[in-house]
Amino acid sequence: MVMGVHRLNHAVLFVRDVNRSVAFYRDVLGFRPIAMTPDGFKGAAFLQAPDSTNDHDLGLFEIGEGAGPSPAGRSTVGLYHLAWEVDTLDELERVAGKLAEAGALVGTSDHGTTKSLYGKDPDGLEFEVVWLIPADLLDPAALEARKRIRPLDIAREKERYGATTRGGVGISVPA
């Protein structure tokens, strides 16, 4: 039997300070808090991404300021990051500016068929924000470029694909 997964519905993160994390995801990435925390339950928040129709996209559970950083990938196995998709290269560029302004942009990459930003939240948890080349614009050069990682040049990608071209169509979004 095969599990018929068709998308990630939400992620849950353990954080030191839920209010600080809510402020980051709200102010930098535009997530909005959703009133669904059970009565009497403190130290939790649920957020929805700006254009999402999910019940919630992110759950945050506070474990306190004494919590150490995640050793995942350094000394233990664990999750490296989640990737959130944006619709246009203009939006990717806007998010890059917001992350840089917040001191949270830690890298960018051109993976051939995907154009990626990497950020860290206040607890050092890494995430990716990505734009995907739509299926009808994929060409052999983009497919071949998946075999290497190059620095991202958003201006060059906007010239090539268009600033407002909807990404992921025919890939992650139905055509």
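The model is predicted. An unreviewed UniProt entry lists residues 7–132 as "domain: VOC". Over residues 7–132 the chain is 18% helix and 33% strand. The end C-alpha atoms of that stretch lie 15 Å apart.

- Strand β1 covers residues 11–15, and its side chains alternate.
- Ala11, Leu13 and Val15 point to one face and are buried.
- β1 runs parallel to strand β4 (residues 58–62), and five bridges join them.
- Across this pairing, Phe14 stands opposite Phe61 in β4.

**The four-stranded sheet**
- Four strands form an open sheet, ordered β5-β8-β7-β6, with mixed pairing.
- The edges are β5 (82–85) and β6 (105–110), each of which pairs on one side only.
- On average, neighbouring strands of this sheet are turned by 25° against each other, direction ignored.
- Four bridges link β5 to strand β8 (residues 126–132) in the parallel sense.
- In that pair, Leu82 stands opposite Phe127 in β8.

**Helix packing**
- Helix α4 (residues 154–161) packs on this sheet.
- The helix touches β6, β7 (114–120) and β8.
- The direction of α4 makes about 150° with that of β7.

Definitions and conventions: Residues are numbered from 1 along each chain as its sequence is written. This is a predicted model: local features need pLDDT of at least 70, side-chain atom pairs count only at pLDDT 80 or more; totals for chains, interfaces and linings use all residues. Side-chain values use heavy atoms; hydrogens and water are left out. Buried means under 20% relative accessible area, exposed over 50%, partly exposed in between (1.4 Å probe, protein chains only). Helices (H or I, at least four residues) and strands (E, at least two) are DSSP runs, numbered from the N terminus. Two strands pair if DSSP finds at least two bridges between them. Axes are lines fitted to C-alpha atoms, for helices over the stretch in contact, and angles run from 0 to 180 degrees between N-to-C directions. Contact means heavy atoms within 4.5 Å. UniProt positions are given in the numbering used here, feature names are shortened, and annotations may be inferred rather than shown by experiment.
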